[in-house]
Amino acid sequence: VNIVRDACQHEVIGKYIHKVMFDELMETLNLPKDELEKFANDVLERFNNPFVDHAVTSIMLNSFPKYETRDLPGLKTYLERKGELPKGLVLGLAAIITYYKGGVRADGAEIVPNDAPEIMNLLKELWATGCTKKVAEGVLAADFIWGEDLNKIPGLTEAVKADLFREQCRYFLLSDYLLFLFSRMQNKCSSSNCHNSAIFNAYTVFISQNFIHKESTCETRSIS
């Protein structure tokens, strides 16, 4: 999947996008549901435009800062209101972490993440350990990204680790074309006392862990 339109129409990715939009993010916004649904459907219609080829990789730049400002508030609000983490938004975070590992996609295209040097260096060092436990905990602990230690959010560390070392997964490009899905909603939320608005950020990749993780020792072995 290389463009937004194909992500929207993909049998698996499209369902993921719809789930996060309608089942998770909408639950964090203090606006009438019918208004949110109309806006989201209008955005989906626009991104399905057959005349616009919007490359998903072009909006993967600086994904961690985008997640921190646009999705993390929604994750926290959802947890507060529902008493559980939003699985789709957690998956999105794990997807970003995996994307920053780099590598080569199944179609042979090179994966080239791009972000602030300190973020790139951190991810390079963490992935060099070969340990998804250290990767998850190290990323979540990076207060220069988040302004806090996200390991303190109940259940988040374990949820991210579980997604990161899910066995025998392959890279697939999952559009984060919704980085600005609810960007216009910010203004509406500001005028309607909605302080914890989430702007949806669907991401371009998920798990490609070609090893089995042994959590107690962080040993790995290849899967043939």
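Residues are numbered from 1 along each chain as its sequence is written, and because the model is predicted, local features need pLDDT of at least 70 and side-chain atom pairs count only at pLDDT 80 or more, whereas totals for chains, interfaces and linings use all residues. Side-chain values use heavy atoms, with hydrogens and water left out.

The secondary structure of the protein chain comprises 11 helices and 4 strands; helices (H or I, at least four residues) and strands (E, at least two) are DSSP runs, numbered from the N terminus. Of the 224 residues in the protein chain, 49% are buried. Here buried means under 20% relative accessible area, exposed means over 50%, and partly exposed lies in between (1.4 Å probe, protein chains only). The accessible surface of the protein chain is about 10,800 Å², and carbon and sulfur atoms account for 48% of this surface. Accessible areas come from the Shrake-Rupley method with a 1.4 Å probe, and for residues only the protein chains shown count as cover. Among contacts between residues at least 6 apart in sequence, 73% join residues at least 24 apart, a contact being heavy atoms within 4.5 Å.

Helix H4 spans residues 63–70, and its buried residues are Ser63, Phe64, Lys66 and Tyr67. These residues lie on the same side of H4, because they cover an arc of only 160° around the axis; the arc is that of the directions from the helix axis to the C-beta atoms. The cover over the buried residues of H4 includes helix H5 (72–82), helix H6 (87–99), helix H7 (117–128), helix H8 (132–140) and helix H9 (143–146).

The whole structure contains 4 aromatic pairs. Rings of Phe, Tyr and Trp (its six-membered ring) pair if their centres lie within 6.5 Å; planes under 30 degrees apart count as stacked, over 60 as edge-to-face and the rest as tilted. The rings of phenylalanine 64 and tryptophan 146 form an edge-to-face pair, because their planes are at 70°, with the centres 5.9 Å apart. This pair links distant parts of the chain, as phenylalanine 64 is in helix H4 and tryptophan 146 is in helix H9, 82 residues apart. Phenylalanine 64 is buried, with a relative accessible area of 0%, and tryptophan 146 is buried at 4%. Tyrosine 67 and tryptophan 146 form another edge-to-face pair, at 6.2 Å centre to centre and 80° between the planes. Tyrosine 67 lies in helix H4 and tryptophan 146 in helix H9, so this pair ties together parts that are 79 residues apart in sequence. One aromatic cluster consists of Phe64, Tyr67, Tyr99, Tyr100 and Trp146. Leaving aside neighbours within four places in sequence, tryptophan 146 is in contact with Phe64, Tyr67, Glu68, Leu72, Leu93, Val139 and Leu140.

The largest nonpolar core has 47 residues, and those with the most contacts inside it are Phe64, Ile97, Leu123, Trp146, Leu156 and Val160. Helix H6 gives the largest share of this core, 8 residues. A nonpolar core is a set of buried Ala, Val, Leu, Ile, Met, Phe, Trp, Tyr and Cys residues joined through side-chain atoms within 4.5 Å. A second, separate core of 6 residues includes Val4, Phe39, Val43 and Phe47. Arginine 46 lies over the face of phenylalanine 47, 5.6 Å from the ring centre; a charge sits over a ring if NZ of Lys or CZ of Arg is within 6 Å of the ring centre and within 35 degrees of the ring normal.

Isoleucine 153 is in the loop between H9 and H10 and is buried, with a relative accessible area of 10%. Not counting residues up to four places away in sequence, isoleucine 153 touches Leu72, Leu75, Lys76, Leu79 and Leu85. Lysine 76, in helix H5, is partly exposed, with a relative accessible area of 33%. The C-alpha atoms of lysine 76 and isoleucine 153 are 8.3 Å apart, and the two residues are 77 apart in sequence. Leaving aside neighbours within four places in sequence, lysine 76 is in contact with Glu148 and Ile153. Threonine 157 is in helix H10 (residues 156–164) and counts as buried at 10% relative accessibility. With neighbours within four places in sequence set aside, threonine 157 is in contact with Glu137, Leu140 and Asn151.
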